[in-house]
Amino acid sequence: MSLLPVSHEQKTRVLSEALPYIQSFHGKTFVIKYGGNAMTEPALKASFARDVALLRLVGIRPIIVHGGGPQINELLKKMDVVSEFRNGMRVTDEQTMNAVEMVLGELNQEIVGLLNQHGCRAVGLSGQDGHFIHAKKIHLKADGDSHSAIDLGFVGDVDHIDSELIHLLNSKNFVPVVMPIGVGSEGEAYNINADLVAGKLAEALQGEKLILMTNTPGVLDKNGKLITFATASNVETWFADGTIHGGMMPKLESALRAVKNGVKSVHIIDGRVPNGLLLEVLTNEGVGTTILSDLHSHFHEDTKRYFSV
Amino acid sequence: MSETHMNTISEFLAPQDIWLNVQVASIKRLFEEVGNRLHENHGISARIVVENLWSRELLGSTAIGQGVALPHARIQDLEYPIAAFVRPVTPLPFDAPDGKPVTDILFLLAPMHIAELGVEFLAEAARCFSDINFRNWLRACKDPESVYQLFSAWKPA
């Protein structure tokens, strides 16, 4: 993706055009899943932090959820721990879970520090804090010949979210930064997929937007062309006809569930674009794929009805 | 569809009904402005245009996201379909599905007796606007004539 120099004229136009967007989204909650290059490249990290600070300043309520897969992989490699993967999920024993918690904790504090440097009042949270993410163990059904369920260890799913803590932080203009660890019924910690946590959090808060940052331009069709706009029904079709595969699947599963459960729109954006977050939110064009709930995409039905009377 | 036109949009749109940099702060003012200008250009009643655009808008927002809206109305005694395009100076709140205010507004006024035409026009408009290249080119147009040329040249894929 090439970066064109922006003229002064363009800059002032973008800034003055931002006001109606700011007005539209003032007071609204955005859950942003942060990961990929945007989380590792220094320039992108800085632009992300500035974007979040700006959103918070103009009255939007950003909540950051971060992953840490690559960093976890790195630490485990250093520890000479070889992980087993089932259905794309890492079998997580106690030793691995300790490593996971360590890496995520460090990343969390780093992100909090980064945001604070750029003017936010960020607060790092784990799902254990205030017991806000209730997790349940994931049980994979047996595959192939084995008749017993596969034990993934400390890999969990979100059971439910108690959003009181987040509301409290939002009400005082803090920016919560959440690491994807939840607590089971016995007080044990589970590692949960960050895209999943972001989606469930957006649902629990009935957020205006769920924004998933990726290392791709967005969702691509079978010819590799970017799909800029889609409804929940379109996404269901993609699952059926094989348009989505690999890393996009958990993101789109999360997206689909989110728009079906009250989140107005989901944006899968290219985290490698500087200021991608701002561009997505404060300009009419985005930098990825926007997914709307079917509830909000009734234009064609309304139109047919209008013309048929 | 007439042979000289690639799509129904350019068939009913004319450069005189393309207005860039219109200064309005609300949908109400937008509809009034459009009603007045169409009255000037086509002699139709501004009040009737506004009333009918509103009754469709109240059924459900005609904004389709990405800064685009497609307000439309059926008008009694209208002799021929009229399309109009407006680019407001400031993006207008339009209750869009993605929450974003609107920057590109294509109007359609249709005579009472041709229902399929309206549905076809709007489906084509939605398809046309769903192309990011089209949207970028449209936003780069600086005068009504180039907007008209752009719509004229667009071919459904």
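Helices are DSSP runs of H or I with at least four residues, and strands are runs of E with at least two, numbered from the N terminus. The expected span of a helix is 1.5 Å times one less than its number of residues. This is a predicted model, in which local features need pLDDT of at least 70 and side-chain atom pairs count only at pLDDT 80 or more, while totals for chains, interfaces and linings use all residues. Residues are numbered from 1 along each chain as its sequence is written.

Helix 4 of chain B covers residues 115-129, 15 residues in all. From first C-alpha to last, helix 4 of chain B reaches 22 Å, close to the expected 21 Å. Its buried residues (under 20% relative accessible area, 1.4 Å probe, protein chains only) include L117(B), F121(B), L122(B), E124(B) and F129(B).

Now the interface. Chain A and chain B bury about 2700 Å² between them, 61% of it on carbon and sulfur atoms; this is the accessible area (1.4 Å probe) lost on putting the two parts together, summed over both. In chain A, F299(A), Y306(A) and F307(A) lose the most area to chain B, together 29% of what that side buries. The contact (heavy atoms within 4.5 Å) takes 29 residues from chain A and 35 residues from chain B.

On the side of chain A that touches chain B, two or more residues come from each of helix 1 (8-25), helix 9 (276-282), strand 14 (288-292) and helix 10 (299-308). Helix 10 of chain A gives the most, with nine residues.

How values were computed. Chains are lettered from A and ligands numbered from 1 in the order in which they are written. Side-chain values use heavy atoms; hydrogens and water are left out. Buried means under 20% relative accessible area, exposed over 50%, partly exposed in between (1.4 Å probe, protein chains only).
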